[in-house]
Amino acid sequence: MEISDTGRILSRLTNSEFIGREAEMTRIRDFATARGRGTRVAMLLGPTRAGKSELLRKSFDHFFNESADVLPSFYALKPGRLDDQSFARDFLSIFLAQFIAFRRSDPSLFALAFEPIAVVARSATADDCVFVKEIADAFVQAAGAGDSTAMLRCALSAPSRAAERTGLVPLVLFDDVHLLAGASARGANPPFTELNRVHRESNELRYAFFDALKNGTADIVSPRYLLAGFERPMAELLPADLELFAALEIIRFEQVGREHFERFIHAGAAERGVELSDSVGELMVHQLKCEFFYTRAVLDSAASAGVALRTFVDFERVYSAEVASGRIGNYLRASIRDAAPDRRSQRAALEALALLADAEEGAPIDSVIERMSLEPGGAEDLLERLHSRELLNYGHRLVNASSDAMLADYVRAAYRSEILSLPKPVSGPPLLVEKLKRAHRLMMDRYHGSFAAQLLDVLSRFDSQRAPACLFDEAAYEKRYRGMSRAQVSRSLDQETERVTLPQIVEVEDAGGGEYEGINWRLFLAAGFEAGIYNESNEALWVAALINSNEPVDVESLGRIDDRIAAALRGRHSKAAQPVCWYIGKEGFSAAATERIESAKALRSTHAQLDAMSDYLFKLSAPDAQPASEFELVIPIEDEAELIAARTIELIARAADFEGEAINQIKTAVIEACINAAEHGQSPDRKIHQRFAISEDRIIITVSNKGRIFANGNIGAVAESQATGVRGRGLNIIRALMDEVHFQRTDDGTSLVMTKFLKRPEQQ
Amino acid sequence: MNNSEITTRLVEGVAVLYPGPYLNQLRGERIEERCHELLAAGVTRIVINLGETELINSIGISILLGVIEAVNNAEGKLMLSNLSSSNRELFEMLGLMSHAEIEETEESALARLGPFATAEA
């Protein structure tokens with residue numbers, strides 16, 4: 001759904017500025033137009049300043065212009081109108097004005113909202129005037145009697161009455177709903193306590209629409225309510241009512257992707273006539289973190305000052321001035337003031353935020369409270385309010401800074417001038433030097449970030465493959481592949497016979513980063529399972545440390561990284577016996593660091609190996625990894641059926657030029673695999689499925705069964721454990737006779753994959 | 001292949017067993033039964049000729065190990081003969097060679113277990 005720029009009514013952004021939101025717009029349209037059954041309340045949740053309000057306004061414009069069955073209404077709660085009478089009057093005036101404007105297809109009638117309600121009603125169409133007048137009269141009467149409850153009931157029932165009389169589906173878009181929670185939470189002035197009670201009684205707003213849903217009948221059109229606001233306090237609005245949560249629709253709203261954001265920056269600059277270089281564009285993407293508000297502020301500021309953004313210095317100068325005293329600074333100041341209304345608490349808030357801005361991993365609550373120097377209880381309340389407004393994260397033990405880097409910059413600048421009272425620089429904004437130093441690092445981080453993204457992709461692709469062991473062994477890799485091109489390495493890796501079985505990774509967590517004397521790193525925790533067996537003893541945990549440095553990583557830096565790894569692992573309740581540590585260093589590792597890694601039995605790679613791993617895993621998943629020819633055989637689980645399989649593979653292997661001895665080995669391995677599958681599979685179809693794939697240099701035999709997994713999936717562990725049982729002996733036989741053996745999880749069972757290489761005479 | 005009968009012959013007090021082309025659980029158990037019968041009848045010298053045995057599986061091997069142990073416990077002697085190179089490799093791999101005595105041919109096994117050899121044993 002798209003609105004032409006000429007059809008903008010409430011929305012503030014042009015289509016070129018409002019990008020990457022097609023999916024959310026479609027969700028809202030579906031939500032509004034789903035008739036009869038279905039959810040009638042949705043919450044739009046997402047980070048602050050991501051554009052939730054604009055999405056509501058765009059939705060309003062869409063339905064207003066469409067002029068069809070959906071009656072849109074947009075109302076943003078206002079801090080000054082949180083008492084029941086003001087709210088009731090304001091909401092009803094705006095609702096009626098928008099309703100009349102919609103019915104008359106004339107947005108200019110929105111101005112009616114500024115007229116007394118009795119006057120507003122007179123502008124209704126002939127069809128609507130009777131019931132609009134009824135509503136207005138009832139409201140005026142209640143207001144005259146000072147009956148707040150009746151006023152609220154009258155206002156909040158207006159959408160339902162409009163639905164009843166017109167057959168339209170009201171879509172009530174409530175913005176800044178978090179103010180509702182704030183109003184009742186403060187408790188000193190209880191206007192919305194009353195409102196909440198009215199909600200329950202009048203079956204309106206948050207209780208009413210959920211109740212309506214529960215008893216939903218298809219023939220009565222109920223209003224749809226879409227709520228937006230700060231995520232944290234909004235969540236507190238809802239009572240722990242299971243039915244209510246079951247009926248609630250959540251529309252997630254994330255920051256737009258970098259691609260969209262980059263387009264937005266360039267389009268925005270072009271529209272404003274601001275010259276923008278590609279490198280500054282890239283820096284803006286990274287520094288402004290896909291935040292539209294901040295980006296517009298910087299571009300507007302550059303445009304009004306007639307400044308070109310050609311170099312980092314150009315950009316950082318405009319940015320720093322904006323943060324110190326421009327629109328960004330004033331917005332952030334107002335945000336803090338909103339949570340901390342008086343000077344004393346503002347100072348305390350600034351103290352807390354400044355402490356957190358430089359505390360990478362958060363600060364203990366007690367130390368933050370001490371720094372705030374407020375009376376007992378006051379600091380906690382203030383932290384709670386700052387948390388609600390997403391200016392910091394107030395946990396049970398630690399307080400962390402918000403992820404808003406612009407806030408951190410503002411806090412640093414404000415702290416300098418307001419708390420430390422440092423003099424302002426004679427020329428240039430106070431932040432500039434600091435920001436320029438950071439800009440360089442940010443762009444380095446971007447380079448590093450591409451490796452982080454690659455590592456994330458590689459870890460996510462781990463799916464029980466058998467990967468060449470040298471990819472985790474820097475020395476072995478260097479010895480074999482030094483000086484070879486990436487393509488050559490990719491081809492040669494197929495020939496590697498020493499392999500390791502990767503776990504199947506199901507979750508990758510960014511465990512943060514750090515830096516120390518020219519080295520910076522980022523940690524990822526990758527959790528999953530070995531051999532595709534989902535039980536506690538097969539849980540796998542990998543810790544991948546991506547290290548960026550210009551020199552080989554020395555042992556001291558490695559020690560610091562290890563401390564961070566230990567910290568990241570603390571508090572994890574994984575049953576994984578021993579996490580696998582994998583260090584990836586851009587320039588490799590010093591001798592002492594290598595020794596330390598080896599003694600800890602950890603893995604180490606360079607960026608080149610990460611590239612090779614990425615290529616290798618991609619190749620495995622690519623369609624051209626298909627073998628030349630394939631045969632399939634299904635045998636029943638019954639006495640000696642495995643002999644049929646052995647005879648079949650004999651013919652196939654002979655045709656593929658395998659020699660007599662190798663053929664016997666393959667046959668024996670196939671027999672053992674079949675016995676294993678029959679013994680341990682509990683296959684519901686009582687069948688064993690086999691695939692024989694022949695390619696130029698190998699035969700790959702996959703023996704699968706449905707149902708429970710067979711044998712101990714960890715073939716390596718079996719071989720090493722010198723199993724003496726029959727099953728262990730069978731696996732040992734397979735392992736000894738074939739060149740590669742591994743288990744593979746399938747959706748409905750397990751496969752044993754065995755490879756035998758064709759050793760041509762010249763290779764022997 | 002369902003013919004699981006084990007051919008047996010007695011040569012001067014030594015029993016020679018022929019497990020057939022595939023030594024699996026079924027044939028392993030037949031050999032086991034046959035050996036117990038032989039031991040009960042006082043025949044304690046046994047040769048298992050694997051010349052026709054093309055394939056052996058792990059269950060067959062496990063049972064074979066049990067049979068060797070039973071014969072040893074009865075103070076008898078069991079020898080394997082006519083192993084193909086693949087079967088020999090399999091036995092070596094599983095450490096069976098230390099449990100069983102192997103002879104190249106049935107004749108050489110008989111020669112070692114026959115009446116003249118008995119005195120030695």
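The crossing of helices α14(A) and α16(A) is right-handed, where a crossing counts as right-handed if the near helix is turned clockwise from the far one by less than a right angle, and as left-handed if it is turned anticlockwise. This is a predicted model, in which local features need pLDDT of at least 70 and side-chain atom pairs count only at pLDDT 80 or more, while totals for chains, interfaces and linings use all residues. Residues are numbered from 1 along each chain as its sequence is written, and chains are lettered from A and ligands numbered from 1 in the order in which they are written.

**The two chains**

- Chain A has 31 helices and 20 strands, and chain B has 5 helices and 7 strands; helices (H or I, at least four residues) and strands (E, at least two) are DSSP runs, numbered from the N terminus.
- Read from the N terminus, the elements of chain B follow the order β-β-β-α-β-β-α-β-α-β-α-α.
- Of the 764 residues in chain A, 43% are buried, and of the 121 residues in chain B, 43% are buried; a residue is buried if 20 or more other C-beta atoms lie within 10 Å of its own, exposed if 12 or fewer, and partly exposed in between, with C-beta atoms placed from the backbone.
- Among contacts in chain A between residues at least 6 apart in sequence, 70% join residues at least 24 apart, where two residues are in contact if their C-beta atoms, placed from the backbone, lie within 7 Å.

**The packing of α14(A) and α16(A)**

- Helix α14 (residues 278-287) and helix α16 (residues 312-325) of chain A pack at an angle of about 40 degrees, with their axes 9 Å apart; the axes are lines fitted to C-alpha atoms, for helices over the stretch in contact, and angles run from 0 to 180 degrees between N-to-C directions.
- That angle makes α14(A) oblique to α16(A), since angles under 35 degrees count as roughly parallel, over 145 as roughly antiparallel, 65 to 115 as roughly perpendicular and the rest as oblique.
- From α14(A), the residues A:Val280, A:Leu283 and A:Met284 meet A:Phe312, A:Asp314 and A:Phe315 of α16(A).
- By class, this contact has 5 nonpolar, no polar and 1 charged residues; Ala, Val, Leu, Ile, Met, Phe, Trp, Tyr, Cys and Pro count as nonpolar, Asp, Glu, Lys and Arg as charged, and the others, Gly among them, as polar.

**Where the chains meet**

- The contact between the chains takes 15 residues from chain B and 17 residues from chain A.
- On the side of chain B that touches chain A, the elements that give two or more residues are α2 and α3 (85-93) of chain B.
- The residues of that side of chain B divide into 9 nonpolar, 6 polar and no charged.

- A:Trp582 is found in strand β14 (residues 580-585) of chain A, and A:Trp582 is buried, with 21 other C-beta atoms within 10 Å.
- Leaving aside neighbours within four places in sequence, the residues in contact with A:Trp582 include A:Phe472, A:Trp542 and A:Ala602.
- A:Asp176, in the loop between β3 (169-175) and α8 (178-186) of chain A, has a positive phi of about 55 degrees although it is not a glycine, and A:Asp176 is partly exposed, with 19 other C-beta atoms within 10 Å.
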